[in-house]
Amino acid sequence: MSEEKYKYGYIQGFSALSKNEKLERIANYSGINPDDFKKYSWTEPSVSEILDSLSENTVSHFSLPFGIAPNFLVNGKDYVLPFVTEESSVVAAMAKAAKIWYSRGGFKAKVLGTVKKGQVHFFWKGSFSLLKEFLPELKQKLYNETASISGNMEKRGGGITEIRILDKTDLIQDYFQLDCDFKTGDAMGANFINSVLEKMATVLEKEISEKFPEFASPEINMAILSNYTPECLVEAWVECPVSKLDNIIKDVLAEVFAHRFEKAVQISKIDVSRAVTHNKGILNGIDSLALATGNDWRAIEAGAHAFAASDGNYKGLSDVSVKNGMFRFSIKLSVNVGTVGGVTNIHPLAKTAIKILKNPSASELMQLFAVAGLASNFSAITALIGNGIQSGHMKLHLKNILWQLNASNEKIQMATSYFKNRKVGYSEVRDFLKREK
Ligand code: MEV
């Protein structure tokens, strides 16, 4: 497809548009039909049936806001990113970071690997050296016996890419792993990997029993993919001369901003209490994009946290360098996402989200996940080293407080204008409503 599809240019004043105007702008950019959103309602039988069937004992459907952050320039292409989140400030933070970096060269991203993993965990009384010797023959059997499952995936550029046996007997008596690598094309691949592994478990049990009748049959314990995917890896970064960072925080000089930012990231590398919150800020962007695109955010969360602790100490996932007058902020993220299969192809709004992203490949989507994480981390740190997060957050939270206090539409309007340039807090809003009774 031509690169032209990504050349939108900067969208000015998106947040001030009405909902319908926003939808029209997005429709113009992505070719979606604004009616895709309007038709989406759980009272619509076609939608309701799909949602009912995604889970069990469904009695209703739980809605969350679907928002758009425009103006993401990524590898020279323009994107608008869809986010589903209940947390105020997240989408605004994404849009703010996108705007700041649009005029400073945008985001860059590249995929470093797409290998996914899974294991058959088994127990056996024989030695590792016997298994090692048998592995070439066993591997052939495993490939042959799973060919009917992996054939389709191979046509889509995926399949089983490596099979090894790992000796874990020093950790648990008689414990071995059949440790497998997979590529899964544009799918997240959980069903494919688990089907292959379950088949492999039966083959492994039979083949080892037949080859080594002097030992009891291997005891298969589990066959399951791993959500730890350190070789399914993507990097995203932004960079610009430090001198271009003046006034990112109002009235704060570029060098001071870069210095404070560097310290904040350093702290996330040495203090677990801060690292977890730092990464939560990164995941604000990532999980919201996962929800919008129908990806498994629990798998992404688990994998991201494990990756953050991959050297034995839990650390912030992002890095910063301020050297030779250049500011570079980056993230390496282990993330397994798909653009085909699963909920992505079923949920009506997930399908729309994928269209808004111009039907990306899984690799392109991985890059957008890393960009979303970096953007939300950039905004969080910028707020934290500036005026703190509460002033901006509470302004956006004002509506929620008014809802909680059962304010009428008229009072909501009055409060919105009253609190425009005032501190927002629960007691301030409650007192305002009392006064205006
Ligand atoms: C809030 O949802 C996320 C932050 O706490 C992240 C951070 O502290 O970096 C603001």
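**Cysteines**

I looked for disulfides and found zero in the structure. Cys180 is in none; its nearest cysteine sulfur belongs to Cys232, 16 Å away. A disulfide needs the two sulfur atoms within 2.5 Å. I keep in mind that this is a predicted model.

Next I checked burial. Cys180 has a relative accessible area of 0%, so I wrote it down as buried. Cys240 is buried too, at 3%.

**Salt bridges**

How many salt bridges are there? I noted a count of 19.

I took Glu207 and Lys141 to begin with. Their side chains form a salt bridge, with N to O at 3.6 Å. Glu207 sits in helix α6 and Lys141 in helix α5 (residues 128-155), so this pair links distant parts of the chain, 66 residues apart. Lys141 is partly exposed, at 31%.

Then I turned to Arg328 and Glu239. Their closest N and O atoms are 3.8 Å apart, in a salt bridge. Arg328 is in strand β10 (residues 326-334) and Glu239 in strand β8 (residues 232-241), so the bridge ties together parts 89 residues apart in sequence. Both are partly exposed: Arg328 at 25%, Glu239 at 36%.

I also looked up Glu428 and Lys423, whose side chains meet in a salt bridge at 3.1 Å, N to O. Glu428 is partly exposed, at 27%. Lys423 is exposed, at 62%.

One group goes beyond a pair. Salt bridges link Lys117, Arg164, Asp179 and Asp181 in a network.

The largest pocket has a volume of about 1800 Å³. It is lined by 45 residues, and Ser15, Lys22, Val91, Ala92 and Leu396 are the closest to its centre. Among the elements giving two or more residues are α1 (19-30) and α12 (390-404). I sorted the lining by class: 23 nonpolar, 12 polar and 10 charged. Domain 1 (3-113 + 232-387) and domain 3 (392-435) each give at least three residues.

The second largest pocket comes to about 1300 Å³. Which element gives the most to its lining? I found α6, with four residues. The lining has 43 residues, and those nearest the centre are Leu54, Gly294, Asn295, Val343 and His347. By class I noted 23 nonpolar, 17 polar and three charged. Here domain 1 (3-113 + 232-387) and domain 2 (116-226) each supply at least three residues.

Notes. Residues numbered from 1 in each chain as written. Predicted model: local features only at pLDDT ≥ 70, side-chain atom pairs only at ≥ 80, totals over all residues. Heavy atoms only, no water. 1 Å grid on protein atoms, 1.4 Å probe; cavity = no way out; pocket = protein on both sides within 12 Å on 5 of 7 lines; lining within 4 Å. Points joined across faces, edges and corners; volume = space filled by probe spheres on them. Nonpolar A, V, L, I, M, F, W, Y, C, P; charged D, E, K, R; others polar. Domains from an automatic or database assignment. Buried < 20%, exposed > 50% of the residue type's maximum accessible area, 1.4 Å probe, protein only. Salt bridge = Lys/Arg side-chain N within 4 Å of Asp/Glu carboxyl O.
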